[in-house]
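Thanks for coming. I have one chain to go through today, starting with the whole and then moving to selected places.

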Amino acid sequence: MTFLRKTTPFYTLALLYVIISFILRAILIFHPITQASFSFIETIKIFTLGFLSDLFIFFIVSAFLWLYLIFISNSKYLKPFGYIHFGLFVLLLIYIKFFNTILNEYGGVLPDIGFAFVAFKTLIFGLMLFLPKYRAKIRFWLFSFVIFLFVLLFLQILISEYFFWNEFGVRFNFIAVDYLVYTNEVIGNIMQSYPVIPLFSGLYLTAGFVTYFIVKYSKNYIEDIPTLSEKIKISVVYFGLFGASLIAIPLLSNKENSDNIFANELQANGIYKFYLAFMNSELDYFKFYKTIPNDQAYSLIHNQIPGSQNESTDRIINSNSPEILKNVVLITIESYSAEFMAMYGNEQKITPFLDSLATQSMVFTNLYAVGNRTVRGLEAVTLCIPPTPGESVVKRVDNKNKFSTGNVFKQKGYDVKYLYGGDAFFDNMQDFFGGNGYDIVDKKTFKPNEITFDNIWGVCDEDMYNKAIKVMDSEFKQNKPFFNHIMTVSNHRPFTYPNGKIDIPGDSKSREGGVKYTDFAIKKFFKLAEKQPWFSNTVFVIIADHCASSAGKTELPVDKYRIPAMIYSPGFIKPTHINTLMSQIDIMPTVFGILNFNYKSKFYGQDVLKADYKPRALIATYQNLGLIKENILTIISPKQEVKQLQLKLIPNPKLGSEFQLFYDQIPITLPRKDLENETISYYQTASEMLKNKKFQK
């Protein structure tokens with residue numbers, strides 16, 4: 001048997017993986033969300049460098065295959081070594097089951113997984129030791145099972161990457177890492193959003209079909225097991241390829257340097273992107289981003305935030321009028337883009353109530369979300385701080401005792417609560433809000449008769465609002481003002497909600513249905529609230545947590561960050577449009593200004609109604625950090641990169657100037673160093689304050 005024939009399991013699986021990866025790239029290039037065209041050179045680069053990345057990734061992933069194949073032999077079952085091996089397996093099994101091991105130190109399901117794995121190995125070894133007549137057959141089926149797992153893994157990656165691209169327009173990234181942690185919600189979301197049974201039936205049938213041919217072609221490995229010298233040769237070649245892969249993969253990743261973001265994503269390998277996202281869950285600003293001297297950074301921040309001083313944002317907020325201790329209800333709406341609303345040009349009539357409410361409210365027409373995840377929106381309205389790189393503060397270990405909007409309300413004698421229709425464990429909300437002084441009302445606090453409909457994300461918005469009414473009625477009886485932050489869940493895939501509520505069926509699983517039901521539920525909430533004794537003394541703040549989609553042609557497509565926001569309080573807040581450019585972090589300091597609060601602030605967010613406010617907006621992903629100012633978007637990225645883009649309006653003649661959403665982003669020819677330094681100052685000082693615990697309450 002030639003050396004090449006000895007390696008058939010490796011090269012047949014490698015061929016399968018690169019073919020699957022090629023098919024995936026071809027599909028994603030023509031996917032509707034891929035809003036870009038590619039030159040001939042870009043296309044060649046996508047497929048050639050992508051092919052090399054896939055091949056080297058396979059050499060890394062196939063380490064498990066090498067480990068399995070290299071230990072296949074008959075000699076280990078010979079007397080007395082076979083019995084010694086079996087005895088060691090049994091002792092290890094007993095040790096894991098009845099003694100405290102390192103697996104127990106890690107806790108969770110890890111001890112059970114370890115026990116199950118060793119038990120399986122012990123069983124298989126025992127069968128092959130004591131039933132030598134069936135050894136070849138057992139080995140064949142075990143070999144087939146291992147090949148099947150690899151085939152299934154590769155096909156599963158193809159499907160997962162397609163659906164991830166369908167949702168976000170990128171390869172696996174930080175979000176995929178988050179989703180791996182919250183498997184219950186994510187698997188449930190998949191189960192309710194897609195035709196899972198036919199999808200996975202097809203997946204397993206295809207995997208079985210492909211496995212049959214690979215096993216048929218490569219079973220010679222187990223029929224004529226390589227000798228020790230042949231295994232050494234195989235191992236030498238494999239470790240050479242493994243070592244070359246460790247060097248080549250990062251080098252190829254550095255070649256993802258096109259101005260076309262989609263080209264970079266398509267060229268990349270999803271497995272490696274996932275690994276990078278996992279390893280870089282927290283980005284050290286001072287290691288990866290361009291910096292300026294700290295005193296210069298704070299000097300620039302002091303110019304932007306009047307009254308702040310020293311190396312901090314500390315300042316005293318004073319009002320010339322008496323404080324107004326009205327109740328405040330903050331509603332953050334899940335995935336609610338500005339373009340859903342009629343005033344921004346939507347003609348589908350899916351937000352009739354909020355469209356109507358906007359005519360009776362103070363509407364902030366030019367407000368941008370800081371990020372594209374719920375935790376970023378929650379961070380923005382709670383801490384009023386720029387979105388520092390890596391995870392949101394909500395998800396970090398050091399997320400407690402921060403200076404927060406809830407903290408300001410507590411200083412004024414308010415009851416402070418966070419109300420969420422799902423399990424607040426998700427996205428670390430319970431740890432964050434509980435650690436910052438909020439009482440938490442989530443699905444766990446609901447009685448069975450308070451739930452009329454739920455899906456994997458939690459109870460429907462109607463149930464959440466009904467619960468909120470009860471909570472506020474109880475708070476009102478205590479003769480204390482209250483601040484309640486409500487987070488909605490219904491406008492989230494799978495977009496299911498009770499049938500018969502709106503003219504789009506609740507099981508149609510459409511984005512438009514989710515938006516329209518969310519609007520319907522808010523209307524019911526206000527109809528109930530109007531009848532309550534506390535209503536006339538309450539200020540309602542309505543804002544989205546982020547847009548419905550973040551995919552675009554550029555790193556930070558500004559239209560994907562524009563969100564609706566309004567303050568409603570009949571008899572207190574006059575209906576008006578505030579067209580000032582502002583950020584999500586400014587909404588609550590503006591509310592404090594309306595209420596004439598006097599307080600010591602650490603917030604980067606400001607009262608945009610004050611004469612000394614300087615318009616700007618902060619937008620970001622977990623890596624790319626942006627500042628919009630003077631129609632220029634400045635983006636700072638890892639590796640000390642800076643990019644500046646002129647925002648050229650693409651006018652919609654049907655809309656007023658304050659409701660225009662879309663811009664061309666054109667690289668500027670003459671860099672604005674002042675805006676570059678200002679952008680750096682926001683993110684550098686915010687990172688420094690969090691790192692050195694200057695943002696504690």
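Of the 697 residues of the chain, 56% count as buried, where buried means under 20% relative accessible area, exposed over 50%, and partly exposed in between, with a 1.4 Å probe and protein chains only. This is a predicted model, in which local features need pLDDT of at least 70 and side-chain atom pairs count only at pLDDT 80 or more, while totals for chains, interfaces and linings use all residues. Residues are numbered from 1 along each chain as its sequence is written, and side-chain values use heavy atoms, with hydrogens and water left out.

The accessible surface of the chain is about 30500 Å², and 63% of that belongs to carbon and sulfur atoms; the areas come from the Shrake-Rupley method with a 1.4 Å probe, and for residues only the protein chains shown count as cover.

There are 25 helices and 19 strands in the chain. These are DSSP runs numbered from the N terminus: H or I over at least four residues for helices, E over at least two for strands. The radius of gyration is 29 Å, close to the 26 Å that the globule rule gives for 697 residues, so the chain is as compact as a globular protein of that length. The radius is taken over C-alpha atoms, and the rule is 2.2 Å times the number of residues to the power 0.38. Along its principal axes the C-alpha trace spans about 90 × 65 × 50 Å.

Now contacts, meaning heavy atoms within 4.5 Å. Among those between residues at least 6 apart in sequence, 73% join residues at least 24 apart.

Helix α3, residues 40-61, has 22 residues and should span 32 Å at 1.5 Å a residue; its end C-alpha atoms are 31 Å apart, which agrees. The expected span is 1.5 Å times one less than the number of residues. Its buried residues include I46, L49, F56 and F59. Helix α24, residues 587-594, is mostly covered, with 7 of its 8 residues buried. After α24 comes N596, whose phi is positive, near 60°.

How many aromatic pairs does the structure hold? The count is 58. Rings of Phe, Tyr and Trp (its six-membered ring) pair if their centres lie within 6.5 Å; planes under 30 degrees apart count as stacked, over 60 as edge-to-face and the rest as tilted. W165 and F262 make a tilted pair, 6.0 Å centre to centre with 50° between the planes. That pair links distant parts of the chain, W165 being in helix α8 and F262 in helix α14, 97 residues apart. Both W165 and F262 are buried. The rings of F432 and F433 have centres 5.0 Å apart and planes at 75°, so that pair is edge-to-face.

In strand β10 we have T538. T538 is buried, with a relative accessible area of 0%. Leaving aside residues up to four places away in sequence, T538 touches N327, V329, F482, Y568 and S569.

Last, the backbone. A cis peptide bond joins K79 and P80, with omega about -5°, and P80 lies in the loop between α4 and α5. Another cis peptide bond joins R493 and P494, with omega about 25°. P494 is in the loop between β9 and α23, and K509 is in the loop between β9 and α23 as well. K509 has a positive phi, near 55°.
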